[in-house]
Amino acid sequence: MATDFSSIPIIDVSALLAKCDDPKLGEDPAVLEVVRQLDKACTEAGFFYVKGHGVSDALLKEVKDITRRFFELPYEEKTKIKMTPATGFRGYQRVGENITKGVPDMHEAIDCYREVTRGMYGDLGKTMEGYNQWPQNPPNFKVIMEEYISICTELARKIMRGIALALGGSPDEFEGHRAGDPFWVMRLIGYPGLTTTNGTHEAMENDIGCGAHTDYGLLTLLNQDEDINALQVRNLSGEWISAPPVPGTFVCNIGDMLKIYSNGLYESTLHRVINSSPKYRVSVVYFYETNFDTAVEPLDTTKTRANGTKKFEKAIYGEHLVSKVLTNFVDD
Ligand SMILES: O=C(O)CCC(=O)C(=O)O
């Protein structure tokens, strides 16, 4: 239920993180203040910045730096880890290969998913079976990214405990069969800057870095370049509100599965990326999802808040992901 928000709030989650696994989490006044702010942000915008998250500036920078260095390589090098259906859609995709609603996106990317071994989820998981493809340079690329993924997974789990309280549930609402074994997605993305002619910036024919879309799962943690303003979020009136970089923060937004769990109290808000700067922009986007095979439906607490009405039917997260993945790419 997004509103006509005109900016995106910044929430300091340190009090929540400090007490996150304390059985009395929901009684601590400082935690309840974070929960109140999360509830307001998720209701009004579906987007918020997070500070006080404990992830070092050095790591936030390093993952963007090694991503940028990979995209600077010649195309022949990058395509050695090309994404194909045979790799479970993991690997490198060139500029324009990703499409949103039929229109090519002006970005290149490495897509990674939690690894799915053969038969792990039966037919449901077949499309996503595969191992991540990591660049060879620097030699510790994989190690750094895996460390980053595990830190983001833990951070997202903790924020979700606050969101569970915000929805009137117990802190464990998103554990166990819902998201106790969370799937994750990570996209390392590069957006070319505008080309210049005679010292002036000329708009390219298609300058949408990433077309308007919602995210698929529970919670996204976006680590964006610190000096380029390119991410935009749509409010209820259809205005595009800027989400400029705020150094040292993550931009967080809720995804389609959390919209269902919240029975529509929270919005998975449309957003897009337009890089109208001459500089190349990098973002590292981590998506925290439910268990792959979970059937998602509104939580009882959220049905009560809607006078018993269930506004969404059951959705299987893995089916939702696969349907998106199968329509996201142009054929070569
Ligand atoms: O690069 C960004 O700022 C956002 C990317 C995004 O929205 C996505 O990958 O879903």
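**Helix 3 and helix 6**

I began with helix 3 and helix 6, which pack at an angle of about 135° with their axes 11 Å apart; I took helices (H or I, at least four residues) and strands (E, at least two) as DSSP runs numbered from the N terminus. Helix 3 is therefore oblique to helix 6, since angles under 35 degrees count as roughly parallel, over 145 as roughly antiparallel, 65 to 115 as roughly perpendicular and the rest as oblique. The axes are lines fitted to C-alpha atoms, for helices over the stretch in contact, and angles run from 0 to 180 degrees between N-to-C directions.

I noted that this is a predicted model, in which local features need pLDDT of at least 70 and side-chain atom pairs count only at pLDDT 80 or more, while totals for chains, interfaces and linings use all residues. Residues are numbered from 1 along each chain as its sequence is written.

I then listed the contact, where Leu59, Glu62, Val63 and Ile66 in helix 3 meet Phe141, Ile144, Met145 and Tyr148 in helix 6 (contact: C-beta atoms, placed from the backbone, within 7 Å). The residues of this contact of helix 3 with helix 6 divide into seven nonpolar, no polar and one charged; Ala, Val, Leu, Ile, Met, Phe, Trp, Tyr, Cys and Pro count as nonpolar, Asp, Glu, Lys and Arg as charged, and the others, Gly among them, as polar.

**Helix 2 and helix 6**

Next I looked up helix 2 (residues 29-44), whose axis comes within 9 Å of that of helix 6 and crosses it at roughly 80°, so helix 2 and helix 6 are roughly perpendicular to each other. Here Val34, Val35, Leu38, Asp39 and Cys42 in helix 2 meet Gly162, Ile163, Leu165 and Ala166 in helix 6, and the residues divide into seven nonpolar, one polar and one charged.

I traced eight strands forming an open sheet in the order 1-2-14-11-16-7-6-3, with mixed pairing (two strands pair if DSSP finds at least two bridges between them). Its edge strands are strand 1 (10-12) and strand 3 (91-93), each pairing on one side only. Strand 1 runs parallel to strand 2 (residues 47-51) and is joined to it by three bridges; Val50 in strand 2 is the bridge partner of Ile11.

**The ligand**

Last, I recorded that Arg187, Ile189, Cys210, Asp215, Leu222, Gln224, Leu231, His271, Val273, Ser283 and Val285 surround the ligand, each with its C-beta atom, placed from the backbone, within 6 Å of it. These shell residues divide into six nonpolar, three polar and two charged.

How values were computed:
Contact = placed C-beta atoms within 7 Å.
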